[in-house]
Amino acid sequence: MSEAPGARLSRLAPAKVNLFLAITGVRPDGYHHLETLFQTVRWGDDVELESSPDTESLWTWDVEGPSVRAEQDLTVRAATAWCEAARRPLGVRIRLRKRIPMGGGLGGGSSDAAAVLLLLNRLGPPLPPAKLHEIAASLGSDVPFFLHGDGAIGRGRGDVLEPLPPAPPLTLVLIVPPFGTETAKVYARARERVRHAPADGLARAVAARASGDPAAVREAHHNDLAEAAIRAYPELLRFTASVERALGRPPCLSGSGSTLYDVVAPEEADEVVARLAKLPGRRHVVVTGPVP
Ligand code: C5P
């Protein structure tokens with residue numbers, strides 16, 4: 001340990017949205033080849049690490065928020081993998097303050113795990129970036145993206161990344177329904193019939209992001225998982241239809257759902273939230289950008 005026992009470090013584990021997602025094939029391992037445009041927002045979970053003199057201890061504690069078993073497990077797996085790769089028995093306590101809904105397609109569990117890896121790299125002698133990336137990819141397809149954040153193109157399983165230059169901030173209204181979706185279940189339905197994104201869809205989404213124009217970003221949005229998600233979850237079909245009626249335009253779906261979002265001008269955000277007031281679930285107005 002390069003820091004004294006009891007040292008505490010914390011960081012924001014940001015949520016992400018997919019501004020674009022196309023499935024380009026099915027891999028022999030059952031995963032899907034993707035072309036996606038990831039974007040972090042400046043809102044998410046708080047992750048805190050405390051180093052402990054007791055090298056036997058490796059646990060999460062003080063989790064605030066709903067039951068977050070899966071998230072806890074993934075952060076513990078991240079810490080265990082880091083310690084094994086660094087060949088250091090390390091006592092560490094992990095504290096999570098959850099804000100990102102689970103089963104929401106916002107990458108909460110993946111972001112928590114990446115935050116643990118980044119914090120451990122600050123606590124102990126750091127692992128090289130390639131090793132950190134390898135550990136992240138072993139934890140989940142989205143985890144490597146959260147080592148970088150901001151905007152990036154994801155290919156392969158989503159783990160082959162091409163970081164993008166900074167772009168103007170976009171204001172998003174996240175529309176969280178009162179239910180979550182299971183990623184594997186949605187991908188399984190995507191296999192039945194994939195509605196292919198336009199060939200130049202990714203390039204258009206990247207250009208729209210760079211422009212900072214909410215209407216251009218909405219128009220360029222495409223998600224091949226949207227149809228699969230509403231077939232797997234009829235309640236998402238009904239919820240999406242209600243949101244579309246209230247907004248007067250179709251919402252975007254992040255990842256495999258269940259979170260929908262609208263891209264708005266900053267001054268429009270309150271009015272958009274008000275239009276959705278009668279619907280169940282929660283709304284969060286967030287701004288895109290790198291992690292502070
Ligand atoms: O990698 P991760 O554990 O986050 O993936 C969860 C599930 O999502 C996988 O078990 C798989 O069913 C599906 N998935 C996929 N293709 C991807 C990413 C995820 O089929 N590129």
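Visitor: Is Asp150 buried or exposed?

Guide: This is a predicted model, so every value here is computed from predicted coordinates. Burial is read from the relative accessible area, and buried means under 20%. Asp150 has a relative accessible area of 11%, so Asp150 is buried.

Visitor: Where is Asp150 found?

Guide: Asp150 is found in the loop between helix H4 (143-148) and strand E5 (151-155).

Visitor: What is the phi of Asp150?

Guide: Most residues other than glycine have a negative phi. In Asp150, phi is near 55°, a positive value in a residue other than glycine.

Visitor: Which residues does a cis peptide bond join?

Guide: Most peptide bonds are trans. Here a cis bond joins Gly257 and Ser258, with omega at about 15°. Ser258 lies in the loop between strand E9 (252-253) and strand E10 (260-264).

Visitor: Let us turn to the ligand. Which residues surround the ligand?

Guide: The ligand is surrounded by Gly30, Tyr31, His32, Leu34, Gly140, Ser141, Arg157, Thr183, Ala184 and Tyr187. By class, this shell has four nonpolar, five polar and one charged residues.

Visitor: Where does the ligand sit?

Guide: The ligand sits in the largest pocket. Strand E2 (32-52) and helix H5 (183-190) are the elements that give two or more residues to the shell around the ligand. H5 gives the most, with three residues.

Visitor: Which side chain has a polar atom 2.7 Å from an oxygen atom of the ligand?

Guide: A polar contact is a pair of N or O atoms within 3.5 Å. The side chain of His32 places a polar atom 2.7 Å from an oxygen atom of the ligand. Ser141 also has a side-chain N or O atom 2.6 Å from an oxygen atom of the ligand. With Arg157, a backbone N or O atom lies 3.1 Å from a nitrogen atom of the ligand.

Visitor: How much of the accessible area of the ligand does the protein cover?

Guide: The ligand on its own has 450 Å² of accessible area, and the protein covers 73% of that.

Visitor: Which side chain does a polar contact of 2.8 Å join to that of Asp224?

Guide: The side chain of His222 is the partner in that contact. Asp224 has another polar neighbour: the backbone nitrogen of Ile23 lies 2.8 Å from a polar atom of the Asp224 side chain.

Visitor: Where does Asp224 lie, and why does it count as buried?

Guide: Asp224 lies in the loop between strand E8 (222-223) and helix H8 (225-232). Asp224 counts as buried because its relative accessible area is 4%.

Visitor: What is the relative accessible area of Leu117?

Guide: For Leu117 the value is 0%, so this residue is buried. Leu117 lies in helix H2.

Visitor: Is Pro126 buried or exposed?

Guide: The label exposed needs a relative accessible area over 50%. Pro126 has 57%, so Pro126 is exposed. Pro126 lies in the loop between helix H2 (108-123) and helix H3 (129-139). Pro126 and Trp82 are 44 residues apart along the chain, and their C-alpha atoms are separated by 9.7 Å.

Visitor: Where is Pro266 found, and is Pro266 buried or exposed?

Guide: Pro266 is found in the loop between E10 and helix H10 (269-275). Pro266 is exposed, because its relative accessible area is 59%.

Visitor: Which separation do the C-alpha atoms of Pro266 and Thr240 have?

Guide: Those two atoms are separated by 23 Å, for residues 26 apart along the chain.

Methods: Residues are numbered from 1 along each chain as its sequence is written. This is a predicted model: local features need pLDDT of at least 70, side-chain atom pairs count only at pLDDT 80 or more; totals for chains, interfaces and linings use all residues. Side-chain values use heavy atoms; hydrogens and water are left out. Helices (H or I, at least four residues) and strands (E, at least two) are DSSP runs, numbered from the N terminus. Buried means under 20% relative accessible area, exposed over 50%, partly exposed in between (1.4 Å probe, protein chains only). A residue is near a molecule or strand if one of its heavy atoms lies within 4 Å of it. A polar contact is a pair of N or O atoms within 3.5 Å; within protein, one must be able to donate a hydrogen and the other to accept it, and residues adjacent in sequence count only if both atoms are side-chain atoms. Accessible areas come from the Shrake-Rupley method with a 1.4 Å probe; for residues, only the protein chains shown count as cover. On a 1 Å grid over the protein atoms alone, a cavity is a set of points where a 1.4 Å probe fits but cannot get out, and a pocket is an open set with protein on both sides within 12 Å along at least five of seven lines; lining residues have an atom within 4 Å of a point. A molecule sits in a cavity or pocket if more than half of its atoms lie within 2 Å of its grid points. Ala, Val, Leu, Ile, Met, Phe, Trp, Tyr, Cys and Pro count as nonpolar, Asp, Glu, Lys and Arg as charged, and the others, Gly among them, as polar.
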